[in-house]
Amino acid sequence: MQPQSKPNNPNFSSGPCSKRPGYDVSALQLDTLGRSHRSSLGKEVLARACSLTAELLGLPEGYRVGIVPGSDTGAVEMAMWSMLGQRGVDVLAWESFGSGWVTDIIKQLKLDNVRVMEADYGLLPNLAEVNFANDVVFTWNGTTSGVKVPNGDWIADDREGLTICDATSAVFAMDLPWEKLDVVTYSWQKVLGGEGAHGMLILSPRAFERLESYTPSWPMPKLFRMTKGGKLVEGIFRGETINTPSMLAVADYVDALEWVQSIGGVSEAIKRSEANLAVIEKFVAENDWINFLAASKETLSNTSVCLTLKADADQVKAFVKLLDKEGVAYDIGAYRDAPAGIRIWCGATVESADLEALMPWMTWAYQQVTA
């Protein structure tokens, strides 16, 4: 029979992701609207977004936070175009976005000393084979595959190159070993449920040293320039953005940060995400028609949870459409390049009770499309 109880919030999209519980746009602090982002007020709010980020994440001494254009994609590109080319590069790819960085490194930057380490959806490359004499580019969590690196133990403490980590669906949801990461990027619309168009760039002192000691051979677009006259543009890391940000989106981001602070910080956000994953793990264990795309529990993402069904591609599409039509789960189809399946966001802004309400609907929908 069709279930009776529905999730209070059916937004399970993997980006933009669900707003935090209790979110109310009318409660945002909007005194920056209509003001210049270069006004004292604008710079104060932008600087607070950076400093509160660093405080909540517990960044090591000397790490700096900047707001940059182009979402997570812009932040990753900014890092690659500005820092790669001094030494060889190992680039890891096991899903769509990692594969995109491979394309940019080889076909756009045209670097020739590159080792591409790839794995199919659901798997990881052999992390033990990474050469840390090279710069290393990788995603912490494969948003389109539901596969994450299990920890930072594989990253060498005495590395010679930089580690450039796309962590957009991991920051604020997974425990990151900051001392082992030289460049970390993410976007507001993932784990914090913020708005799009802006990226976050977190740099270590080793990354700053690279920026000031190395000049790439290619022309540098204005939006990617982090140095002037061989010196770091310090203002980027004080809230003085390269171009004009949306102050409405900034207010929304600060609201999300303050929510994380109010629930007890990043550790509590991680616990909420892991509790959400546990709901789906229990359901998968009880039903033989659904399984995780991740091949190993150790690498199973607790944010972008990707699942496969014992069904053909048309049945999977019908399954997704049926749950959407019933208003119980929006936007849960697998990423366009990924294997046919579904993807349920389990970050901290999602309530476990809503996932528990969704599970019976999944059984019902599967029975409908495979009958």
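Q: What makes tyrosine 253 count as buried?
A: Tyrosine 253 has a relative accessible area of 1%, and buried means under 20% (exposed is over 50%, partly exposed in between; 1.4 Å probe, protein chains only), so tyrosine 253 is buried. By the way, this is a predicted model, where local features need pLDDT of at least 70 and side-chain atom pairs 80 or more, while totals for chains, interfaces and linings use all residues. Residues are numbered from 1 along each chain as its sequence is written, and side-chain values use heavy atoms, leaving out hydrogens and water.

Q: How do you know whether tryptophan 188 is buried or exposed?
A: Its relative accessible area is 0%, so tryptophan 188 is buried.

Q: How many aromatic pairs are there, and why is the one between tryptophan 188 and tyrosine 253 called stacked?
A: There are twelve. In this one, the ring centres are 4.5 Å apart and the planes sit at 10°. Rings of Phe, Tyr and Trp (its six-membered ring) pair with centres within 6.5 Å, and planes under 30 degrees apart are stacked (over 60 is edge-to-face, the rest tilted), so this pair is stacked.

Q: What does the pair of tryptophan 188 and tyrosine 253 tie together?
A: Tryptophan 188 is in the loop between β8 (183-187) and β9 (198-203), and tyrosine 253 is in helix α5 (residues 247-262), so parts 65 residues apart in sequence are tied together. Helices (H or I, at least four residues) and strands (E, at least two) are DSSP runs numbered from the N terminus.

Q: Which stacked partner does tryptophan 289 have?
A: Tyrosine 366, with 4.1 Å centre to centre and 10° between the planes. Tryptophan 289 is buried at 8% relative accessibility, and tyrosine 366 is buried at 13%.
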